[in-house]
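User: I am new to this structure and would like a short tour. Could we begin with the strands and then move on to the helices?

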Amino acid sequence: MAENPSTPADVWAMIERADELVKYASNRDPKTAYEQARETLRKAAELACTVPGAQPLEDQAYKRLEDIDKLENETPQ
Amino acid sequence: MKLGRGKEDVEGRVPPNQRLTRGWPVLHASPVPKFNPAVWSFRVWGEVSNESELTWDEFRALPTATVHSDFHCVTGWSKLDNDWEGISFTEIAGRAKPKPSATHVLVHAEYGYTANLPLETLMDDDVLFAWSHNGEPLEPEHGGPLRLVVPKLYAWKSAKWVRGVRFLDHDERGYWEVRGYHNHADPWREERYSWQE
């Protein structure tokens, strides 16, 4: 039986998961949380390319990858 | 001056798909900034007659207000019965004297974080800039020294580490609002995402 095709909602769920990893990063090891968020966002971007109607979400995923780069530079040493 | 809702039964106070928390989860999309009262300032500018930039001491010398209210995070938790103390938004607006053209406000916080709100929403009597929570100084991880509190909307509108407000003659989406989250953010309508608009 073929799997159900992914939808934009599936892509957004991955992005939202990445958002939560970033938002709650200070409760755990931020470096690990940011890396997990990056990985989730990369997968979301890849999936967005294959899902009709999900192109804006690919942009959202890349925007967040830039956000995480900035966050790491802002983190107090 | 005591403003906002009183304590009442929990039933009917938790919006759809929210769960109660007794703790206070810490979440934010930036590091916790260091507070230096000697250089901290609160700027009010834009569509107002009286632009200003207040020092921490000047800000703290304004008339204070307290609000008892609930708090709802878009990640799914709600924290009831919070006692906030600070400066009401109406106090800030009254001093700034918004021009008739002012319709919205962009709240500015550390690290360039912003949150946009209609001026009408901010003029509610339960909206304030808080430095105290439940009788204690607001802890840095919860937005201390100063955060906005907008009880009727999801908590990302209640920006932490606020440094100023810009009055606008138009709406301008803030940090999360350009990242797919709802422009208005009413928890009772579950206004979580921009595609619901």
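Analyst: In chain B, strand β3 (residues 41–46) is joined to β12(B) by 4 bridges, and the two run parallel. Strands (E, at least two residues) and helices (H or I, at least four) are DSSP runs, numbered from the N terminus; two strands pair if DSSP finds at least two bridges between them. This is a predicted model, in which local features need pLDDT of at least 70 and side-chain atom pairs count only at pLDDT 80 or more, while totals for chains, interfaces and linings use all residues. Residues are numbered from 1 along each chain as its sequence is written, and chains are lettered from A and ligands numbered from 1 in the order in which they are written.

User: Which residue of β12(B) is the bridge partner of B:Gly46?

Analyst: The partner of B:Gly46 is B:Phe167. B:Phe167 also stands opposite B:Val105.

User: How many bridges join β7(B) to β12(B)?

Analyst: There are 6 bridges between β7(B) and β12 (residues 162–168), and these strands run antiparallel. One bridge pair there is B:Ala109 with B:Val162.

User: What about β7(B) and β8(B): how many bridges join them?

Analyst: The two are joined by 5 bridges and run antiparallel, with β8 covering residues 114–118 of chain B. B:Leu106 faces B:Asn116 of β8(B). The hairpin formed by β7(B) and β8(B) has 4 residues between the strands, and B:Tyr111 in this hairpin takes a positive phi near 65°.

User: Why is β7(B) described as largely enclosed?

Analyst: Strand β7 (residues 104–109) of chain B has 5 of its 6 residues buried, so the rest of the structure largely encloses it. A residue is buried if 20 or more other C-beta atoms lie within 10 Å of its own, exposed if 12 or fewer, and partly exposed in between, with C-beta atoms placed from the backbone.

User: Which residues have the most contacts inside the largest nonpolar core?

Analyst: They are B:Val107, B:Leu128, B:Val149, B:Trp156 and B:Val162, in a core of 41 residues. Elements of chain B that each supply at least two residues of this core include β5 (65–72), β6 (77–88), α2 (89–96), β7, β8 and β12. A nonpolar core is a set of buried Ala, Val, Leu, Ile, Met, Phe, Trp, Tyr and Cys residues joined through C-beta atoms within 7 Å.

User: And what does B:Val107 touch?

Analyst: Leaving out residues up to four places away in sequence, B:Val107 touches B:Thr114, B:Ala115, B:Leu117, B:Leu148, B:Ala159, B:Val162 and B:Val165. Two residues are in contact if their C-beta atoms, placed from the backbone, lie within 7 Å. A second, separate core has 20 residues, including A:Trp12, A:Met14, A:Ile15 and A:Ala18.

User: Let us turn to chain A. How many helices and strands are there?

Analyst: Chain A has 3 helices and 0 strands. Its C-alpha trace spans about 50 × 25 × 15 Å along the principal axes, and buried residues account for 32% of its 77 residues.

User: Which residues of α3(A) are buried?

Analyst: A:Leu57, A:Gln60, A:Ala61, A:Arg64, A:Asp67 and A:Ile68 are buried. They lie on the same side of α3(A), because they cover an arc of only 115° around the axis, the arc being that of the directions from the helix axis to the C-beta atoms. On the other side, the exposed residues are A:Gln55, A:Asp59, A:Glu66, A:Asp69, A:Lys70 and A:Asn73.

User: What do those buried residues of α3(A) pack against?

Analyst: They pack against α1 and α2 (30–50) of chain A. In turn, α2 and α3 of chain A are among the elements that cover the buried residues of α1(A).

User: Why does A:Ile68 count as buried?

Analyst: A:Ile68 counts as buried because it has 20 C-beta neighbours inside 10 Å. This residue belongs to helix α3 (residues 55–74) of chain A. Apart from residues up to four places away in sequence, A:Ile68 touches A:Val22, A:Tyr34, A:Ala37 and A:Arg38.

User: Finally, how many residues does each chain bring to the contact between chain A and chain B?

Analyst: Chain A brings 12 residues and chain B brings 11. On the side of chain A that touches chain B, α1 (8–23) and α3 are the elements that give two or more residues, and α3(A) gives the most, with 4 residues.
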